[in-house]
Amino acid sequence: MSLADRLKLARKNVGLTLKQVAEKTGIDDSCLSAYENGQSEPRLSQLSKLAEVYQVSLSFFFEEDVSEQHVVLWRNKPANEKAIQARFLKLCHQYSQLEIWSGEKAMRQLPSLDDFGEKFGYTEAALLADRIREEMGLGKYPGKGLYSVLEEVYGVKIFHLDLGNLGTAACAKSSLFGYAILLNQKNCQWRRNHDLAHELFHLLTWERFNHHEGICEPSEKEEKLATCFAANLLLPETPVREAISKSANEDCMISLSRLDSIARQFDVSLESLFWRMHFLYGWEEKQTKKFIAEAKEYSQKTIRPDGSNPSLYPERYRMLAIRVFRKGEISLRRFAEMMNISRKEAEQYLDKDVDYEIPTPAA
Amino acid sequence: MKFPLLLLDANIVIYLHELRIWESFITQCMVTITQAVAKESDYWEDENGFHSPIELDSDIRTGKIDCIDVPLAIVEAFLKKYGPVYLERLDPGEAESLAFLFHSKDKWLFTSADEIVFKVLGAAGRFEQGISLEEILQKIGLSRPGLKVQFTKQFRLNTAKKGQFDGITDFEGGK
């Protein structure tokens, strides 16, 4: 693919017109058009600006092979989907490069679904949740540790971006960067927990639902299965039943405030807890919806720290970037860009790592 | 006689402004920068965090420094040999300067404060074409005490050796 074609492709991927690019880069639109038609070539500094606006790495313009076209599964797309998707993929690529340069690729693959048969319904989704909880060692309160385990042990690249009021979450799986999840920075902690579990389902079942063949839209059924999986994963049956029994009085009644405490324990919303109870206790849907409406009113009056404004960059990404910079594998300016900090701030990280001697194990 | 054939990286241009010796420096050295380095040398920051713009245009216009336009084909040739990934590890200005240096038949010297630049030079067997700012300042009589570590001779020697003897991650692998 020629440079001209790559320039055109990158611009189309972010959905910008030549005029818009000209405004953002200060490069005349007639020049941009000439670059895209192969009539003239940009300078490297101009390409660098274009790469920034198109959310691709500068090397994208010089690679010999056409990069893999990534499938990104969205749950409620944000208003500026194309631009956000391009940014998400760029971050994934950057993260993966940091893993390569630091020699710290995540060792473990997410569990496979090989032993599930042809049929995959709600029962299987619940079974999968149980198995994942066990394999990942998530314990009685999975919501507390899911994020860290996915990031640190399985190397899932989890980013938080502002997806506005419309966007919920997205995920992608690629042979280039592995597994990745995008969450809405604007959502509260327990909502993001649910979204994380929901997107995990898509990653686990990526091949089963043929997303590797380019299917970009999850079906309605798939979405319902993902929700079922998320509820089962974050609210395991036995601990939830135990928590509810302990909090109920002798007449088997339980107050909303106690249920709220249980939801906090599991790091989920009251609404999620009510839906879980709906299935565990076989409630009528009408009744459950009434409870949820009451819970929403109650939640508005109570203050619950919402863990808002999580950092865009995952901890592991930051740690890898610092390590790679200290190893002298990237320049100061690139490090500053990757961490979204100033050059001066970046200089603070220049100190060398300290090596500690550990005793050799006795033979 | 001026210190000859010297390519500067943007972090050097910026630091010379911070040390407030840019003017003296360019009267004693034949300074050349690439277009990308000129663009990257945008501002310098004083001790109080105050930003001042760096104006290189008049120095270029009056011939006090040279600004070279490196054709993309030369950058492509460099990337073909060492892998496009270097554009993700180096600043565009560094990549452009290295591409020019590797292409040129003249014995240019390149000064930078980034370890990766000295590693690339070392790994390409061009160890002697890297020079630290400290060494140049010593040679032209502008030595300053307490230079930041990345501008010192020791820093260059340590990192160039790493590139030369240990190899650097993925060098010539193009990964």
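In the predicted model described here, A:Cys171 stands opposite A:Ile181 in β4(A). This pairing belongs to the contact between strand β3 (residues 169-174) and β4 of chain A, which are joined in the antiparallel sense over six bridges; two strands are taken to pair if DSSP finds at least two bridges between them. Helices (H or I, at least four residues) and strands (E, at least two) are DSSP runs, numbered from the N terminus.

Residues are numbered from 1 along each chain as its sequence is written, chains are lettered from A and ligands numbered from 1 in the order in which they are written. Because the model is predicted, local features need pLDDT of at least 70 and side-chain atom pairs count only at pLDDT 80 or more, while totals for chains, interfaces and linings use all residues; side-chain values use heavy atoms, with hydrogens and water left out.

Chain A contains 16 helices and four strands. Along the principal axes, the C-alpha atoms of chain A fill a box of roughly 80 × 60 × 45 Å. Of the 363 residues in chain A, 50% are buried, where buried means under 20% relative accessible area, exposed over 50% and partly exposed in between (1.4 Å probe, protein chains only). Among the contacts in chain A with a separation of 6 or more, 66% are between residues 24 or more positions apart; contact means heavy atoms within 4.5 Å.

The four strands of an open sheet in chain A follow the order β1-β3-β4-β2, with mixed pairing. Strands β1 (72-75) and β2 of chain A stand at the edges with a single partner strand each, so one side of each is left without a neighbour in the sheet. On average, neighbouring strands of this sheet are turned by 15 degrees against each other, direction ignored. Axes are lines fitted to C-alpha atoms, for helices over the stretch in contact, and angles run from 0 to 180 degrees between N-to-C directions.

Helix α8 (residues 189-204) of chain A lies across β1, β2, β3 and β4 of chain A and runs at about 150 degrees to β4(A). In helix α7 (residues 142-153) of chain A, the buried residues include A:Leu146, A:Val149 and A:Leu150. Just after α7(A), A:Gly155 takes a positive phi of about 65 degrees.

Helix α6 (residues 122-135) and helix α9 (residues 220-234) of chain A pack at an angle of about 40 degrees, with their axes 8 Å apart. The two helices are therefore oblique to each other; angles under 35 degrees count as roughly parallel, over 145 as roughly antiparallel, 65 to 115 as roughly perpendicular and the rest as oblique. The crossing of α6(A) past α9(A) is right-handed, a crossing being left-handed if the near helix is turned anticlockwise from the far one by less than a right angle, and right-handed if clockwise. Residues of α6(A) including A:Leu128, A:Ile132 and A:Arg133 meet residues of α9(A) including A:Leu225, A:Phe229 and A:Leu233. By class, this contact has ten nonpolar, one polar and three charged residues. Ala, Val, Leu, Ile, Met, Phe, Trp, Tyr, Cys and Pro count as nonpolar, Asp, Glu, Lys and Arg as charged, and the others, Gly among them, as polar.

In chain B, α7(B) and helix α8 (residues 115-123) pack at an angle of about 20 degrees, with their axes 11 Å apart, and are therefore roughly parallel to each other. B:Glu94, B:Leu98, B:Leu101 and B:Phe102 in α7(B) meet B:Val117, B:Val120 and B:Leu121 in α8(B). The residues of this contact divide into six nonpolar, no polar and one charged. B:Asp91, in the loop between α6 (86-89) and α7 (92-103) of chain B, is buried, with a relative accessible area of 3%. Leaving aside neighbours within four places in sequence, B:Asp91 is in contact with A:Ser331, A:Arg333, A:Arg334, B:Glu40 and B:Asp114.
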